[in-house]
4 protein chains.
Amino acid sequence: MSAKRRLRSDIAYSTADRIVVRGHDLVALIGAVPLGDFAFLELKGRLPTSAESVVFNAIAVTLVEHGLTPSAISARLTYLGAPESLQAAVAAGLLGLGGRYGGTVEEAARMLQEALAGAAPGAGLREVARRVVAGHRERRVLIPGLGHPTHKGLDPRASRLFQVAAENGFAGPHVELVQLVAEEAETALSRALPVNATGAIGAIAGELEIPWQVCRGLAVIARAIGLVAHLDEERREPLAAEIWSRVDEEASEHLREGSESGSPPPAELG
Amino acid sequence: MSAKRRLRSDIAYSTADRIVVRGHDLVALIGAVPLGDFAFLELKGRLPTSAESVVFNAIAVTLVEHGLTPSAISARLTYLGAPESLQAAVAAGLLGLGGRYGGTVEEAARMLQEALAGAAPGAGLREVARRVVAGHRERRVLIPGLGHPTHKGLDPRASRLFQVAAENGFAGPHVELVQLVAEEAETALSRALPVNATGAIGAIAGELEIPWQVCRGLAVIARAIGLVAHLDEERREPLAAEIWSRVDEEASEHLREGSESGSPPPAELG
Amino acid sequence: MSAKRRLRSDIAYSTADRIVVRGHDLVALIGAVPLGDFAFLELKGRLPTSAESVVFNAIAVTLVEHGLTPSAISARLTYLGAPESLQAAVAAGLLGLGGRYGGTVEEAARMLQEALAGAAPGAGLREVARRVVAGHRERRVLIPGLGHPTHKGLDPRASRLFQVAAENGFAGPHVELVQLVAEEAETALSRALPVNATGAIGAIAGELEIPWQVCRGLAVIARAIGLVAHLDEERREPLAAEIWSRVDEEASEHLREGSESGSPPPAELG
Amino acid sequence: MSAKRRLRSDIAYSTADRIVVRGHDLVALIGAVPLGDFAFLELKGRLPTSAESVVFNAIAVTLVEHGLTPSAISARLTYLGAPESLQAAVAAGLLGLGGRYGGTVEEAARMLQEALAGAAPGAGLREVARRVVAGHRERRVLIPGLGHPTHKGLDPRASRLFQVAAENGFAGPHVELVQLVAEEAETALSRALPVNATGAIGAIAGELEIPWQVCRGLAVIARAIGLVAHLDEERREPLAAEIWSRVDEEASEHLREGSESGSPPPAELG
């Protein structure tokens, strides 16, 4: 290998007798730092203050579990075929945290971080919010972080997250902006569009100075926990084989019937 | 779909105005329960006591980060090709937590849980340990959880984990047994085979009544955090393109040379 | 990087003006060698004879499609959440080709290849088959490649594969052995246990001198094709959202009811 | 499950004694239809003509192998940790076929299909090409399918693909358009920007009436084959452990040195 550019990582190293993570001896952290704070250390390069810890753990906890989501079902179906590879079943579940799910936290955080970074000096937040709403309407794209198919009114998770952020001194400009964006969007579109949980998380991530590019990772970290719980339940009370059986039977019923009654094969589907 | 078997999950459900996880309203947990304790709730169906929380978080934290492992490099290489899919890069990294890595915690936990469950009434732990060692020698397989390629002496993480477990009342039979297995193995094989970090975690998981089938999931949960940190660093200080360039150049150098000097093509490789 | 061991790959290399695969200029293969034969070249290091081509393509084709399998459903659910990452949805589907599905071809091939490699000199195939059956019964494990939950009688794919192999001169010892194993198993267990499709593929792979460790890869290659077709259909006629909705509703119905009627939360599930 | 929308798939079904794929009995296809043609059947719902077969196989073959790509290295690193899960190692490799790699075929096909679909009636292809180039310049995005970091001149794969397409009657408007786009881009940007392999594949896919949304899937199907070959080689001549060792050592050398010389720990990295 002819080295052109030096390889360098600042996260961790290990020697014969110790592992050092972000400058801390791992042994000193074991038993002293809980998992959420360790995640903060990994992502930010330093341990959180107590206030940061409460707020960071709050947003992570919110993302862990949402019942039998497509991710959870996909993980369970994968486990049915590869029960020896729990890691693969979790991975299969995480793969669905793309644009339509995990990506929404990222988009909300990005919208807020870019709007604040690009705001004209002296521009008020109300003005920034108006521009955000106008920009999305112009490009005919949904504003991320607003509204919810199930929770029609105020998303109770969002309210609680804003309360936790405020109590700990993290109700800064990103939080204020997302609420103004919701107000402006409601005015512009004449319907209720309250900030939802992903909008609140995207805003609070900005207050914690977590870059928007990492925000999808918060959903990934949290949901990995939920998926392991679903796979443990699948082992004890399986659903996947029954889902397979029902789906396969119903979806191809018309082909089987056609076949028995001598119907022609399906036409070109390309 | 003709239902043959009812689908049932006891983990969580959501209604128009709330999400309930393991019987707790999620909103009541946000800001009150940190991520590690929430993971315990997901996996065990109840919140941990303070002692359980310290011990559970300790084993999770131990598994988060180990520098530029194959998993971290694989995640970074995936990110190079699909930077829009952070979740896919994390998934690629998790997929390597199989038999040789994540699986070792599972195997250590299984060995201890099965040995204790199958022990004859009245058998002493020393006797159980002897049978475990003899069983592995007979089947000519390595005893999981002992020894380490780098940490030749006592693994400092294992010592610390045992200390944390003891201080919190979790130095029970699984912990005692793994240490006796190490002693018996050292006697039988005449070389140092101290309990390593995965052995300690496997034992302590048993004390927390976490089934061995879930233990690989602890590694998955923890490592997902580390992988997100590596991908954030990759975005800012990329390694993957340089690794690719060096590996590709070196590995095919002999083919390129052969080609230029008119050498024959490689023979059958099947 | 201090190089300890030289990196070397003999598969392919590229220069400024060409790509060479297994000693062949790729440009000379484009338009001349079809995909199945190219796969043979990749795996075996040389192009197939016509007879090898027919047989290899036959086993690959058999593994492409089996309707709405857990893999196909999992891929579709992943696509629902991450429609921008088709590759991730295919990957999610492939992850279920583990021990219970893709692994069965591997196990059948391994059983036959190891039995033939380890047979005493001069031992007849009938004797080898008897030992194989006795060995599995002793270890109380199923014999891979025999029987099928749906195709109770002779699996029509297996019969056809054996016919194609015979017509092309590939009905050698692996094929003969798997049929004798089926006969011996039926005698020993007193029930019909015909060779199924995976048994036939495992045997024919042995005749093509494809190592058993690669056989799961044949299923992976083939099924990737089927999954892309399912995802294309999912885009045009989606199933995933409906499956999610039904599963989520049914599986948590008892929790919702319990909640409304004031029932206590679910007890510990760990 | 309360059914709201009927589940329906037209790809395949199986009964006790047969499997029917796209209206064909699978047994009739085994030994008669090679893998590439079966892939065409899966994707298009009918078998290809001879000309379609040559062209479809040509584009698929082109995408199988490109040496030690990030995908191949990632697959090998995954196999190191989970050698029991070949399918997971292939999946890890496929996950990198995102925006920067597999996505380029999709983007090229999309650009051409959308430009032709949206062209004003009577507009000449030269005019359409000019609009495509102008549109990309305006949005400041690269034109997909043009240029190549290594193959500076004409990509020999592209030339060969166009030749195969022309010989088989598939040098229609998509192929013509991509060449005009290259000419217009070269004029507008005053540098050589020949159509590369992905541009040619994207164009020819359009001629085969393969929707652009499926084109990334062609790369996935093809690359799955290459990855299995790399994993087979990894088993026999491993690279992954050496890559890990070198990368880990070099990337954390500065931390180890800092540690030994008493340097302070790394500052905040978040």
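## Chain A in outline

Of the 270 residues in chain A, buried residues make up 61%, a value that, like every other in this report, refers to a predicted model. Chain A is built from 13 helices and three strands. Its radius of gyration is 23 Å, well over the 18 Å that the globule rule gives for 270 residues, so chain A is more spread out than a compact globule.

## The interface of chain B and chain A

Between them, chain B and chain A bury about 7900 Å², and 66% of that area lies on carbon and sulfur atoms. The contact brings together 87 residues of chain B and 87 residues of chain A. Polar contact is found for 18 residue pairs across this interface, counting pairs in which both residues have pLDDT 80 or more. On the side of chain B that touches chain A, helix α11(B) gives the most, with 15 residues. Sorted by class, that side of chain B holds 45 nonpolar, 20 polar and 22 charged residues.

The count of salt bridges between chain B and chain A is one. The salt bridge joins E237(A) to R8(B), with the closest N and O atoms 4.0 Å apart, and the cut-off for a salt bridge is a nitrogen to oxygen distance within 4 Å.

## The interface of chain A and chain D

Chain A also touches chain D, in a contact that takes 40 residues from chain A and 40 residues from chain D. The area buried between chain A and chain D is about 3500 Å², with 53% of it on carbon and sulfur atoms.

Four salt bridges are found across the interface of chain A and chain D, and one of them is formed by the side chains of R6(A) and E253(D), which meet at 2.5 Å, N to O. Across this interface there are also 13 residue pairs in polar contact, with both residues at pLDDT 80 or more. On the side of chain A that touches chain D, the elements giving two or more residues are β1 (12-14), α2 (35-44), α12 (240-251) and α13 (253-260) of chain A. The largest share of that side comes from α13(A), which gives five residues. By class, the residues on the side of chain A that touches chain D divide into 15 nonpolar, eleven polar and 14 charged.

## Helix α2 in chains B and D

In chain B, helix α2, which covers residues 35-44, is mostly covered, with ten of its ten residues buried. The buried residues of α2(B) include the charged residues D37(B), E42(B) and K44(B), and they also include F38(B), F40(B) and L41(B). After α2(B) comes G45(B), whose phi is positive, near 85°.

In chain D, helix α2 likewise covers residues 35-44, and ten of its ten residues are buried. Among the buried residues of α2(D) are L35(D), G36(D), A39(D) and L43(D). The residue that follows α2(D) is G45(D), which has a positive phi, near 85°.

H230(B) lies in helix α11 of chain B, which runs over residues 212-236. Because its relative accessibility is 2%, H230(B) counts as buried, the cut-off for that class being under 20%. Leaving aside neighbours within four places in sequence, H230(B) is in contact with S9(A) and I11(A) of chain A, and with E65(B), G67(B), L68(B), A72(B) and R76(B) of chain B. With one of these partners, E65(B), the side chain of H230(B) makes a polar contact, side chain to side chain, at 2.9 Å. H230(B) and E65(B) are 165 residues apart along the chain, and their C-alpha atoms are separated by 9.5 Å.

E138(B) lies in helix α7 of chain B, residues 125-138. With a relative accessible area of 69%, E138(B) is exposed, since the cut-off for that class is over 50%. E138(B) and N168(B) are 30 residues apart in sequence, and their C-alpha atoms are 36 Å apart in space.

Note on methods: Residues numbered from 1 in each chain as written. Chains lettered and ligands numbered in written order. Predicted model: local features only at pLDDT ≥ 70, side-chain atom pairs only at ≥ 80, totals over all residues. Heavy atoms only, no water. Contact = heavy atoms within 4.5 Å. Buried area = accessible area lost by both parts, 1.4 Å probe. Polar contact = N/O pair within 3.5 Å; in protein donor to acceptor, adjacent residues only side chain to side chain. Helix = DSSP H or I, 4+ residues; strand = E, 2+ residues; numbered from the N terminus. Buried < 20%, exposed > 50% of the residue type's maximum accessible area, 1.4 Å probe, protein only. Rg over C-alpha atoms; globule rule 2.2 N^0.38 Å.
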